[in-house]
Amino acid sequence: MTLLPVFAGLVVGWVALRGLLAHPLLPLWGKMSVFWAVPLAAATWLFIMAADDPVLFPETAPCPGEPYQEGVIGSGKVTGVSTPFPPRAYCLWEDGTVYELAPGAEFLFWVFFALTVVPLGAGLWHALRDPRSLLM
């Protein structure tokens, strides 16, 4: 039963992509924006997910192992937190203080996400309104 939603999502995505490429009113640059926005969104997502990871260089970790001076950012133990969707990486101190690690990357992810979803939505709309155009 887990594969059913994945398969349905792949079918809807394929129909949306075919509808996007067959859409007569969209300019070529609008159609091709999906092909560069998807890999850039994926790369941005990976950057956000790895933003709190201290594996390579623990001494320069974004979330310090020992707390800073009292009152500088937060007090108590600090942990790095990443949420997959919506993508967010931040340091969380015991007192509840939150320090965002990649706010610019989060903004870029949502820009690339919109540049993917909007044209694919137009393609799905075109495919549903004119299914014969997909039979090229």
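Helices and strands here are DSSP runs, numbered from the N terminus: a helix has at least four residues, a strand at least two. The model is predicted. The protein has three helices and three strands. From the N terminus on, their order is α-α-β-β-β-α.

**Whole protein**
- The protein has 136 residues, and 28% of them are buried.
- Its accessible surface comes to about 9200 Å². Carbon and sulfur atoms hold 72% of that surface.
- Take the contacts in the protein with a separation of 6 or more: 56% of them come from residues 24 or more positions apart.

**Helix α1**
- Helix α1 covers residues 3-22, which makes 20 residues.
- The helix reaches 28 Å from its first C-alpha to its last. That is close to the 28 Å expected at 1.5 Å a residue.
- Its buried residues are A16, G19, L20 and A22.
- An α-helix has 3.6 residues a turn, so residues three or four places apart point the same way.

**Strands β1 and β2**
- Strand β1 spans residues 78-83, and strand β2 spans residues 88-93.
- The two strands run antiparallel, joined by six bridges.
- One of the residues with a bridge partner is S82, which pairs with A89 in β2.
- Four residues form the hairpin link from β1 to β2.

How values were computed
Residues are numbered from 1 along each chain as its sequence is written. This is a predicted model: local features need pLDDT of at least 70, side-chain atom pairs count only at pLDDT 80 or more; totals for chains, interfaces and linings use all residues. Side-chain values use heavy atoms; hydrogens and water are left out. Two strands pair if DSSP finds at least two bridges between them. Buried means under 20% relative accessible area, exposed over 50%, partly exposed in between (1.4 Å probe, protein chains only). Contact means heavy atoms within 4.5 Å. Accessible areas come from the Shrake-Rupley method with a 1.4 Å probe; for residues, only the protein chains shown count as cover. The expected span of a helix is 1.5 Å times one less than its number of residues.
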